[in-house]
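Trainee: Please take one part of this model and look at it closely. Start with a single residue and its contacts, then carry on from there.

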Amino acid sequence: LAMTPAPILAARGVSKSFFGNRVLSDVSIALVPGRIHALLGENGAGKSTLINLLSGALVPDSGTIEVAGQSHRSLTPRDARRGGVAVVQQELGLTADLSIAENIGLGAYPRRFGLIDYRALARKARAVCDLVGLKEDLSTPVAGLPLGRRQLVEIAKALFREPRVLILDEPTSSLSAHEADTLTRLLRKLKADGVAIL
């Protein structure tokens, strides 16, 4: 009998209410390395709320979030990132005036002698763009990209951080069939590399 690996990220009995309306009640989930997990439910079922709890964007009313074996009553986004958690939200968090490369590295720029190492940024950004099928020039401002391509920039931005857990909130909603196929192949590769995917 094969042992199930220990989860990298887990919610244990979490509940969350907004203005007296219970959105999640005693929910538990465990994300293990090398697996693709699906979170299914109707609109308003609490999927995005659970994702926000797992990423530290929201604090549960009760229960705990575990990252890399450490239990948190109030996980912060910084704690989650340190634990290797990367999230691609439904609402894109890109800066329109910045280039593709600058958006991908934002908050995690490689540095040399205290300054941004643009050569290292370009090299690593190109590698993650190739993974997601983005062939555009890295100096292109994201404002000029169609929505599906912006979604790919957001996914590349998550991969730039070399996550141990990748959470995607409706990632194919704005992708073409070809882009969605590329993403499916990428997720299979990440799974084979031991990344936990939700």
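Mentor: Start with Ser99, which touches Leu138, Ser139, Thr140, Pro141 and Val142, leaving aside residues up to four places away in sequence. Contact here means heavy atoms within 4.5 Å. This is a predicted model, in which local features need pLDDT of at least 70, side-chain atom pairs count only at pLDDT 80 or more, and totals for chains, interfaces and linings use all residues. Residues are numbered from 1 along each chain as its sequence is written, and side-chain values use heavy atoms, with hydrogens and water left out.

Ser99 sits in the loop between β5 and α3 (100-105). Helices (H or I, at least four residues) and strands (E, at least two) are DSSP runs, numbered from the N terminus. Ser99 is classed as buried because its relative accessible area is 9%; buried means under 20%, exposed over 50%, and partly exposed in between, with a 1.4 Å probe and protein chains only.

Phe160, in helix α5, is also buried, because its relative accessibility is 1%. Again leaving aside residues up to four places away in sequence, Phe160 touches Ile104, Gly105, Ala108, Pro110, Leu121, Lys124, Ala125 and Val128. Between the C-alpha atoms of Phe160 and Arg126 there are 9.8 Å, with the two residues 34 apart along the chain.

Now the pockets. On a 1 Å grid over the protein atoms alone, a pocket is an open set of points where a 1.4 Å probe fits, with protein on both sides within 12 Å along at least five of seven lines; lining residues have an atom within 4 Å of a point. Points are joined across faces, edges and corners, and a volume is the space filled by probe spheres set on them.

The largest pocket holds about 370 Å³ of space. It is lined by 15 residues, and Arg81, Val85, Ala86, Val87 and Gln89 are the closest to its centre. Two or more lining residues come from each of α2 (77-82), β5 (85-88) and α5 (147-160). By class, this lining has seven nonpolar, three polar and five charged residues. Nonpolar covers Ala, Val, Leu, Ile, Met, Phe, Trp, Tyr, Cys and Pro, charged covers Asp, Glu, Lys and Arg, and the others, Gly among them, are polar.

The second largest pocket has a volume of about 270 Å³. Its lining has 16 residues, of which His37, Leu39, Leu168, Pro171 and Leu198 are the closest to the centre. Both α1 (47-54) and α6 (177-192) give at least two residues to this lining, and α6 has the largest share, with three. The classes are 10 nonpolar, three polar and three charged.
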